Each structure stands twice: as structure tokens, then as C-alpha cells.
Amino acid sequence: MKPVPTRHFLVTAIIVARNGERFLPAALQSIAAQNRPPDEIILIDGQSSDSTAQIARSYPGIRYYLQPDLSIANARNQAIRLATGDFVAFLDADDIWTPDKLEVQLGFMLANPKLQYSTTLLRLFYEPGTPARHGFRDEGFADGIEGRFPGTMLARRSVFEQVGPFDPAFSVAFEVDWFARAQDAGVPAGLVEQVLLHKRIHADNNAARRGTFRREWFDVMRRSLARKRLQICGDSTHAPPATS
């Protein structure tokens, strides 16, 4: 069986960083080490005060942009607007792709052309010196767990026209909100059951803001429920009358 060709499909790798000098080199190296390299790399810098800009500009081929505000959602949206690839892939500055991430996931998408995006499994790891945190499943550090967030996603750029951008009204749960909107809209998606992302746990993770995330998560769920109710009401409005 012939391998699925991938080289003629443009892939944009998107990195969002703010004061990421500690981990950014490892993230960029994991992009450079891809078996199937991205065709363009966009880095959005959230007004860093450390050496993030210098590190980013030291890597050849990176399109570097300074973000006008500090919203992570807006940073991702800015990068999507700038991207020219048919597909976009996201990597947080503190995480690491496996070398076969783009190769495996792009092949999966091309073999399943109806899918608008796919996600993968991820494996968690602690930055040395980080205290253990409650709430993480043990298998997340071993065999890997499903991760529905941008770091595991490869998406057709056109899906953001259908679902819309990340919502900057959420400071932490904007990713959960996007996936909820995509699911409620019936966007076809798939899962690559393979660990293609290593997610770093450290003191400054957004996940550490558990109180904020919990409040925003409930808001996301309320909005999703309202959309589903609207869909049901709309369907019932157009449903044929019952017959005896």
C-alpha cells in the first residue's frame, strides 16, 4: 500500500509564548526535529520582558509577531489570521511534540478527508522541582490520556470559519469553550490514539488557576446547554405535525 502523500499540504505551526525563555528552546527544537516539518512557523509573543524574542528570532524561518494585548485566546486568533497553511497545529511554549507528531497526524487527516480536526493522546511530565498536584490521573504520566486542547490538535484552517475563533471572554477556559462549540455544531473530528505531545506540569501553568478555570468551565457548560436547547427547539419548530 502506497503511503499517503503529505508534502504538498501546507502546515502552519503556531506557538504562543509570554516570558517563555525557560522552556521555549525545547519547544522550538521539537518542531525543528519533526519527521515532517511544518511549512511555516508563527510565534506570537505576548509582550515578554525576558529573552523570548531573542530566542525566537534565533531560529531560522520563524515568523515572529508581538501581540498587542495579553489574551492567550487573542494570541491564537492572531496567529490563525496570519497563517497560510491548509492545516494549523498549536504548541505551547512549555510543551514538546514527539518527532512524528505532524507526520502521523497529517497522514491521519489526509486518510480521513471528512474530518475537520483531530486530537491525540498526551503524556504529562513534571518539571523537576514541581510539587505533585491533585487531580491528575496516573495514566496521564504513563500510557497517556486523551487531550482535547490545541496542543494535540491538527485542524483545517477553514474550521475556524465554521466554529469561530477562541473566545477572549474566557481567560483560561477558552480552549474548552472552542471544543464545546465545535462539538455542538457537529464538526467531524477524530482521535489519533497515540501519544504525540508531552505536556509539562510546572508552577506557572494556566491549569494552576483552578478556581478561575472552575468558574469559567461552568459558564462554558451553561452556554453549551443553551445551544443544545436552542437546537432542540428549532428542530421541534420545523418538525412535521404528529398524526393519530
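1. Let's start with a term: a residue counts as buried when its relative accessible area is under 20%. By that cut-off Arg76 is buried, because its relative accessible area is 2%. Please keep in mind as you look around that this is a predicted model.

2. Who is the partner of Arg76? The side chain of Arg76 meets that of Asp92 in a salt bridge, with 2.9 Å from N to O. Arg76 sits in helix H3 (residues 72-82) and Asp92 in strand E4 (residues 87-92), so this contact ties together parts that lie 16 residues apart in sequence. Asp92 is buried too, at a relative accessible area of 16%.

3. Side chains of opposite charge can pair when their charged atoms come close. How many salt bridges are there in this model? The count comes to ten.

4. Now turn to strands E2 and E3. Strand E2 covers residues 40-45 and strand E3 covers residues 62-66; the two run parallel and are joined by five bridges.

5. Glu40 and Arg63 form a salt bridge in which the closest N and O atoms are 2.6 Å apart. Glu40 belongs to strand E2 and Arg63 to strand E3, so the pair ties together parts 23 residues apart in sequence. Are the two partners buried or exposed? Glu40 counts as buried, at 12% relative accessibility, while Arg63 counts as partly exposed, at 26%.

6. Asp184 forms a salt bridge with Lys228, and their closest N and O atoms are 3.9 Å apart. That distance still counts, because the cut-off for a salt bridge is within 4 Å. Asp184 lies in helix H6 (residues 174-184) and Lys228 in helix H7 (residues 210-238), so the pair ties together parts 44 residues apart in sequence. Asp184 is buried, with a relative accessible area of 10%, whereas Lys228 is partly exposed, with 40%.

Note on methods. Residues numbered from 1 in each chain as written. Predicted model: local features only at pLDDT ≥ 70, side-chain atom pairs only at ≥ 80, totals over all residues. Heavy atoms only, no water. Pairing = 2+ DSSP bridges. Helix = DSSP H or I, 4+ residues; strand = E, 2+ residues; numbered from the N terminus. Buried < 20%, exposed > 50% of the residue type's maximum accessible area, 1.4 Å probe, protein only.
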